[in-house]
Amino acid sequence: MLNSKFTGLLDETKNVMKVFSAVYAEYVTRGDNPANVLKIKEDTLDLGSMPGNSILVGMLAAPINPSDVNQIEGTYGLQPPLPAVAGNECLGLVLRTGANCTTHKQNSLVVPRKHGLGTWRSAVICPEDDFYPLASVKPSEVDVGQMSTLLVNPCTAYLMLKELTPLKEGDVVSFNAASSQVCLHLTQLCKHFGFKSLAVLRDGKDFEYHREKLEKSGATWVVKEGYTSADIKALGVPPVALALNSVGGKSSEGLAKLLRPEGVMATYGGLGKEAVIVPTPKLLFHDIVSRGFWLTKWFKTHPDRVSEIYDTVSDLIVSGVIKADLKLMDWNNGEGMETAVTEAYKPTKPGKTVMIM
Ligand SMILES: NC(=O)c1ccc[n+]([C@@H]2O[C@H](COP(=O)([O-])OP(=O)(O)OC[C@H]3O[C@@H](n4cnc5c(N)ncnc54)[C@H](OP(=O)(O)O)[C@@H]3O)[C@@H](O)[C@H]2O)c1
């Protein structure tokens, strides 16, 4: 549900407001710990001089993803020029539209159309094409935290299941780092599409929490990292059609070994900071495929499919098929950012941190 703050903002911008104060999280250098390099700045948005094709967007919520942190650290594949505003994902509300806007209406929900917009801020005036309108989602009914995560993890999970290799009902999909949000969505979607899922979870203090969560979400099998082929045989797991690797090293080798002939292993993350291992006999005799998947590139190379994917995946969120495990933190007009970033930066913490603006 929207909080009353934004209903108030909407009324004010509609009628009387000419200037609008916004705060944002800026970094001018890249460094190790985002909490140390991010600074809250204040800006005045002049509504009187808004270009005709621009919109004023009030941010409702913004997640903190590993890629946001990697961007600030300087280790991500896409780096905005400095100084930059942090954050790539959000759910926003259109508070005002310029005179020539064609795709947005006031009081409608929007998500970024691309990475790098700088979403950790209270409001922004930007070209209308920077945001995608979620036309079928009603502001009064939306779960703001859940919908704010649409762009990255739900779309990644959905596309990896739909676009990497043809899968039919009953096929097995495996994935490591199963405690991640992407894997939670993979589990939920596998159940929805009728695929079997093999979730590989590393040991740790939250192991039981994640195992229970995955099982409740429909995982067919949950195994601990370090499993043996005898364990897999005992569980009766058939050869795997699609393996989704976000760890590398021995963990990726384990996934590759379980692939069926011509099965596909896609690497979409490097959490273990080790090179991907693919056993030579699997390549040689089983002709398996090892490839990558990067959402940013997929959207760049499929511009004509952005609407279809956003609409399909937002429907899956609204209907509750996709449900993230969230830790909501108060942005508190920028003052809560450091606490939220520190929380998200902790090596183990159940749930994705989302700042509620
Ligand atoms: N390619 C793309 O387009 C794309 C898109 C979205 C996400 N990603 C990637 O997908 C991965 C997951 O993202 P997310 O947002 O879902 O993450 P997340 O919810 O923040 O969770 C990350 C999880 O990874 C686990 N982990 C960290 N290092 C690990 C390791 N060495 N071995 C096994 N598990 C490990 C952690 O488990 P513990 O609880 O045990 O610490 C943590 O639960 C990240 O690498 C991210 O960059 C890629």
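Visitor: Where does the ligand shell lie relative to domain 1 and domain 2?
Guide: Keep in mind that we're looking at a predicted model. The protein is split into domain 1, made of 4-149 and 324-356, and domain 2, which covers 160-297. Both of them give residues to the shell around the ligand, so the shell's place is between domain 1 and domain 2.

Visitor: What distance separates the centres of the two domains?
Guide: The domains do touch: the contact takes eight residues from domain 1 and nine residues from domain 2. Their centres, taken over C-alpha atoms, are separated by 32 Å.

Visitor: On the side of domain 1 that touches domain 2, how many residues are charged?
Guide: Domain 1 brings eight residues to this contact. Sort that side by class and you get three nonpolar and three polar residues, and the charged ones number two.

Visitor: Back to the ligand: which residues come nearest?
Guide: There are 26 residues around the ligand. Three helices, α3 (66-73), α5 (153-163) and α6 (181-193), each supply at least two residues of that shell. The nearest are Ser179, Ser180, Gly269, Leu271 and Leu295.

Visitor: How many residues of the shell around the ligand are polar?
Guide: Go through the shell class by class. Eleven of its residues are nonpolar and three are charged, while the polar ones come to twelve.

Visitor: Is the peptide bond from Leu82 to Pro83 cis or trans?
Guide: Pro83 sits in the loop between α3 and β4. As a rule, most peptide bonds are trans. Going from Leu82 to Pro83, though, omega is near -5 degrees, and that bond is cis.

Visitor: Which residues of α9 are buried?
Guide: Find α9 and look at what surrounds it. Its buried residues pack against β9 (172-175), β10 (196-201), β12, β13 and α10 (280-286). They are Ser251, Ser252, Gly254, Leu255 and Ala256.

Visitor: In β14, what is the bridge partner of Thr267?
Guide: β13 also pairs with β14 (residues 289-292), again in the parallel sense, over four bridges. In β14, Thr267 is bridged to Gly292.

Visitor: Is Glu262 buried or exposed?
Guide: Glu262 is in strand β13, and its phi is positive, about 65 degrees, although it is not a glycine. Glu262 has 11 of them, so it counts as exposed.

Visitor: And Ala177: buried or exposed?
Guide: Ala177 is in the loop between β9 and α6, with another positive phi, near 50 degrees. The cut-off for buried is 20 or more C-beta neighbours. Ala177 has 21 inside 10 Å, so it counts as buried.

Visitor: How far apart in space are Pro238 and Leu258?
Guide: Pro238 is in the loop between α8 (229-235) and β12, and it is partly exposed, with 13 other C-beta atoms within 10 Å. In sequence, Pro238 and Leu258 are 20 residues apart. In space, C-alpha to C-alpha, the distance is 8.5 Å.

Visitor: How far apart in space are Thr312 and Ile356?
Guide: Thr312 is in helix α12 (residues 306-318), and it is partly exposed, with 14 other C-beta atoms within 10 Å. Along the sequence, 44 residues lie from Thr312 to Ile356, and their C-alpha atoms are separated in space by 24 Å.

Terms used:
Residues are numbered from 1 along each chain as its sequence is written. This is a predicted model: local features need pLDDT of at least 70, side-chain atom pairs count only at pLDDT 80 or more; totals for chains, interfaces and linings use all residues. A residue is buried if 20 or more other C-beta atoms lie within 10 Å of its own, exposed if 12 or fewer, and partly exposed in between; C-beta atoms are placed from the backbone. Domain bounds come from an automatic or database domain assignment. Two residues are in contact if their C-beta atoms, placed from the backbone, lie within 7 Å. Ala, Val, Leu, Ile, Met, Phe, Trp, Tyr, Cys and Pro count as nonpolar, Asp, Glu, Lys and Arg as charged, and the others, Gly among them, as polar. A residue is near a molecule or strand if its C-beta atom, placed from the backbone, lies within 6 Å of it. Two strands pair if DSSP finds at least two bridges between them.
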